Amino acid sequence: MAEQLGPVGPAPDTDDARQGPREGIALCCSGGGYRAMMFHAGALIRLNEAALLSRLKRVSSVSGGSIVTGVLGLFWKQLQFETNGPAKNLNLVVDKLREMASTTIDEGSVLGGLFSSDTISERIIEAYRKHLFGNATLQDLPDDIAGPRFVINATNVQTGALFRFSKPYLADYRLGTYPTPSVPLAIAVAASSAFPPFLSPVDLVLDGQFWKPDAISDLCKAPYTTNLVLSDGGVYDNLGLETAWKNYKTILVSDGGGKLAGEEKPSRDWVRHSKRVLDIIDNQVRSLRYRNLIDSYKAPSTQSNFRSGAYWGIRTNIDDYKLADALAAPHNKSLELANTPTRLKAMDPQLQNRLMNWGYAVCDAALRAYYDQHLSAPKNLPFPNDQI
């Protein structure tokens, strides 16, 4: 029987994106399993060197990106930021992610969930608890004064809306907000990274009386408010973009997501054919979000949809940034890394280093080309022995 979770204290003031975006930098981290996790880790190293990590106001993530940001949020208080400068202890985060990337959790969880009384999602939650988060909850994340707000995004299968985990509240526009939740970080990240069909769904049991609906919350009633069924945040928004874009004027996006492969002879049985059609729909939604983001960067600064910032993707050709001093990243090599399967499967240390090197290099190029041309170019990759 799942434990019924309730708030741990009074609700703080909530932000309201309907008031429009405000000054500040938001970082979005996409899904993509361990591949995206290590790619984002490399980007964090570069953001930290550029003294941007400490300036973030919002960190929004989905799926594999939420593994990274969940660890970053949990260790935030221990990172020892210099005044207006980088953190001294970012290695705490990187080392924890290495530990996770060295452990296969999807295959065993799927098989165990099929042949035992535990569900697949319960096994994933236990793996996150064991290797990353222990008994930490959303209340162990920094508050809005001590650091950025960390928003871990999932998809609410019942309402069809984005479901947001954060320290101040849980939120779903069709339910309202749920103040100061005591939800374990392991559950929040498991819900965000519950890739369908095998790792989805994650069940979340809450005390429904604490939901606070507003004028548009049309489903604020049981069982929507008490027995929630959640899936991967990437089902709704694979860039983790929505909550950041609506709230802040500067948007940095790290995209470690995959690409829909061609299929010469699509299956005709209804199960596999339906999955292929759903994958095409999902790919189109991702493409639309990407195009809207890029359009917002290109918009006149006087328009309401204008955003400053930068986007870097695991499939980007670093030459497209047209920097004479960009770090060496041959496109054929970076594409090899981009084609790493979307799994929670153990990676050897060399692959981990190469993915982090690539995330570091392309993040650097994007920042210096589109965000701050005065940033100094790095002299080398963080793991020079393994290159890209």
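Modeller: Start with the elements. Helices (H or I, at least four residues) and strands (E, at least two) are DSSP runs, numbered from the N terminus. This is a predicted model, in which local features need pLDDT of at least 70, side-chain atom pairs count only at pLDDT 80 or more, and totals for chains, interfaces and linings use all residues. Residues are numbered from 1 along each chain as its sequence is written, and side-chain values use heavy atoms, with hydrogens and water left out.

Colleague: Which element gives the largest share of the lining of the second largest pocket?

Modeller: That is α8, with seven residues. Both α8 (270-298) and β10 (308-313) supply at least two residues of this lining.

Colleague: What makes a residue part of a pocket lining?

Modeller: A lining residue has an atom within 4 Å of a pocket point. The points lie on a 1 Å grid over the protein atoms alone, and a pocket is an open set with protein on both sides within 12 Å along at least five of seven lines. Here 23 residues line the second largest pocket, and Asp255, Tyr290, Ile294, Tyr311 and Thr316 lie nearest its centre.

Colleague: Why is the pair Tyr178 and Trp211 called edge-to-face?

Modeller: Rings of Phe, Tyr and Trp (its six-membered ring) pair if their centres lie within 6.5 Å; planes under 30 degrees apart are stacked, over 60 edge-to-face, the rest tilted. The count by this rule is eight aromatic pairs. For Tyr178 and Trp211 the centres are 5.3 Å apart and the planes at 65 degrees, so the pair is edge-to-face. Tyr178 is in strand β6 (residues 176-179) and Trp211 in the loop between β7 (202-205) and β8 (227-232), so the pair ties together parts 33 residues apart in sequence.

Colleague: Are Tyr178 and Trp211 buried or exposed?

Modeller: Buried means under 20% relative accessible area, exposed over 50%, partly exposed in between (1.4 Å probe, protein chains only). Tyr178 has 0%, so Tyr178 is buried. Trp211 has 5%, so Trp211 is buried.

Colleague: What makes Tyr370 exposed?

Modeller: Its relative accessibility is 56%, so Tyr370 counts as exposed. Tyr321, at 9%, counts as buried.

Colleague: How do you know that the charged end of Arg307 sits over the ring of Trp245?

Modeller: The rule asks for NZ of Lys or CZ of Arg within 6 Å of the ring centre and within 35 degrees of the ring normal. The charged end of Arg307 is 3.8 Å from the centre of the Trp245 ring. Arg98 lies over the face of Phe383, at 5.0 Å from the ring centre.

Terms used:
On a 1 Å grid over the protein atoms alone, a cavity is a set of points where a 1.4 Å probe fits but cannot get out, and a pocket is an open set with protein on both sides within 12 Å along at least five of seven lines; lining residues have an atom within 4 Å of a point.
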